Amino acid sequence: ITQQYVVARPLYSEESFAEDHETVYRHRKTMLDHIKQYFTCDARRAKNTALSLLPVIAWMKIYRIKEWLLSDIVSGISTGLVAVLQGLAYCLLASLPPWYGLFSAFFPVVLYFFLGTSRHISVGPFPVLCLMIGSVVTRLVPDEGLPHNITGFEGLTRDEQRVLVASSVTFLAGIMQLAMGILQVGFVVMYLSDTLVSGFTTAAAVHILVSQLKFVLGLTVPGLSGPLALIYVSIIFNKITSTNVCDVVISLTIMVVVFVVKELNDRFKSKLPVPIPIEVIMTVIACGVSYAFDFKTRYGIDVVGYIPKGYEPPMAPNLHIFQETAVEAFPMAIVGFAVAFSVAKVYSVKHDYTIDGNQELIAFGASNIFGASFKSFAASTALSRSAVQESTGGKTQVAGLLSAIIVMIVTLAIGFLLEPLPKSVLGAVVIVNLKGMLMQFRDVPYLWRRDKPDCVVWLGTCIAAILLGLDLGLAAGLGVELISVVLRAQFPRCSVLANINGTDIYKDRKDYVDIYEPEGVKIFRIPSPIFFANIEFFRSKLVEAVGFNPLRVLRKRNKALRRIRKLLKKGDLQWTSKGFLNTSCGPIKESEDESNMEELDLPTDFKDLPTRIDWSAELPANIIVPRVDVHSLVLDFAAVSFLDISALKGLKTVRLSIMIAVFITGPYILEKLHDCCFFDDEVQPSMFFLTLHDAMLYIHEKHPGSTEKKSDFEKAPYPETKF
């Protein structure tokens, strides 16, 4: 049996409801109050600030040594092995010597251990960021030709110049992230929607794929950066006849084996205690085979080569490079943080803990500044590496610290074992790990069916990033996204509502059959804010809903009143008990008076006339005015979150020109209307009602003849549950 409820309460307007029900006074904080609160300091706030700046203190207090330590050790070792390999591989994307990737897998991880709020992400090189750094590096220090005239390049080799560029742009990106964290603007990442990030990373995957072809094919071609850099593919195809067959065979073997084992890992992950570290296994095998058969000498393949032991002394960034790379550093800072925060958010929800976006900005900013001082490049998180850390049982960033120790051991002690590793192996590993990002192309049909504007954002971002480069592509994607948001707000789906028979519910009249529309009443709903950009759209839709042009009707009525006054003044028209009487001997000619045209847009005024004109009746002297069948208009503003000054002016114009009773619902905008002095003799607070049904019952009282189904309409219940 369907549950029912019956309610009996007075008909409420906003004004009458406020009189009957006392409200709670709430103090509104001013800007000065917020500033005072921000700069106020006491012992408790100092303690909370210290804990927020060093999240390691909070989770170390609850660390369960017996339950978590072994899992973190296993996870740290597994992640460390993957981090070594990815550090070497992703360094190729940054156009730097491979061993600098080991620096990026160590220094940022150490500082993030103390400052980060995520317990599961693996900090270090991220392929998209590496590619963005590589585009800056090859722009300032190209493969062929002279480098840019940068102060501080004197006496440095090409590799040293590139390392200086990469570390300086990383330092600058870190400063930007740290500044945004201190200024509490972590919310900026919210403007990067999942759709935009998906399209952007897919385009980045295409760039990464193209950039690795020269290693997989064993070709020597110059790197390109900037808009239309994908013509790089044509350069590779022009040299395709110089392909090193040994590199191709090694790459294809690595890719096939790694791909198959990764698929098996995914399929049997519930049965495997830890995923099979196939990339590490294949790298070790490739190193051994390359060393045993001397691939470098016998087949001429390019190998990693000499890896120096230990770490290099810290280095100050180059200020001249700051000036040259500021435009590229900002998107790096945003993309690095956005990707890391997105991954961290997924794991925080899965494992039920909170992360702080502003603290994450501070953590990554400080980590990048610290790492750049020791010649590492920008760090974020790689999705595959974070998945390894979490899936192998990692509970906290202790696993991340242990992975950094594994990287340190390789750097200090056993790095020489990786010297015979073919670069084609690293390129193959990079390409295989692009599977997840490239498979995002499957999102396009889904988005097109579900949400076409989101699909346009995805395609616009992806195509722009492919053609224009990642930095300009990200800016173009943001532009497309903001345009889509503006257009949705500028052209909302307005509707005319009708009453569902026997209820107090009102729905779009196009969607239901059993509806009731009182004669002469229109209910118009707009489901978005009303502001300067959509006020004209709102007015046009309102005119369409009521079925006539209100301004034209208003001018016609004012012209008619002006003519009646002239005829009365001349004596051609007189008022009698039976109405107006035409006293002219001949036909009355219509005269056009173009003076004071502004007065025609004012409300009709009957003060100088002997009676009020009934516009629905026949007018004297053959005066014709369009008849209006709508006597009441209800504007449903329940979904309107704000109004600006342009909207308020437009609403007043609508009220004055339509010349019918207007009853506006939506209590949340009432305070705004009071603050802006919206009310006057024409528009009063008594016209505002709590609900649509209140407004409709009020109209029914004022115009009882407008409905034939009076009993059914009045039976509609009001919601008041009785317990």
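**Contacts, helix pairs and cysteines**

Modeller: To begin, Leu85 touches Glu279, Val280, Thr283, Leu426 and Val429, leaving aside its neighbours within four places in sequence; contact means heavy atoms within 4.5 Å.

Biologist: What should I know about the source first?

Modeller: This is a predicted model, where local features need pLDDT of at least 70 and side-chain atom pairs count only at pLDDT 80 or more, while totals for chains, interfaces and linings use all residues. Residues are numbered from 1 along each chain as its sequence is written, and side-chain values use heavy atoms, with hydrogens and water left out.

Biologist: Is Leu85 buried or exposed?

Modeller: Leu85 has a relative accessible area of 5%, so it counts as buried (under 20% relative accessible area; exposed is over 50%, partly exposed in between, with a 1.4 Å probe and protein chains only).

Biologist: And which helix is Leu85 in?

Modeller: Leu85 lies in helix H5. Helices (H or I, at least four residues) and strands (E, at least two) are DSSP runs, numbered from the N terminus.

Biologist: How do H5 and H17 cross?

Modeller: The axes of H5 (residues 65-93) and H17 (residues 383-391) come within 8 Å and cross at roughly 170 degrees. Axes are lines fitted to C-alpha atoms, for helices over the stretch in contact, and angles run from 0 to 180 degrees between N-to-C directions. H5 is therefore roughly antiparallel to H17 (over 145 degrees; under 35 is roughly parallel, 65 to 115 roughly perpendicular and the rest oblique).

Biologist: Which residues make that contact?

Modeller: On H5 they are Ser75, Ser78, Thr79, Val82, Ala83, Gln86 and Tyr90, and on H17 Ser384, Arg385, Val388 and Gln389. They divide into 4 nonpolar, 6 polar and 1 charged. Ala, Val, Leu, Ile, Met, Phe, Trp, Tyr, Cys and Pro count as nonpolar, Asp, Glu, Lys and Arg as charged, and the others, Gly among them, as polar.

Biologist: What about H21 and H22?

Modeller: Their axes come within 6 Å and cross at roughly 145 degrees. The contact of H21 with H22 has 6 nonpolar, no polar and 4 charged residues.

Biologist: Switching to cysteines, how many disulfides are there?

Modeller: The whole structure has 0 disulfides, a disulfide being a pair of cysteine sulfur atoms within 2.5 Å. For Cys91, the nearest cysteine sulfur is that of Cys130, 7.3 Å away. Cys91 is buried, at 0% relative accessibility.
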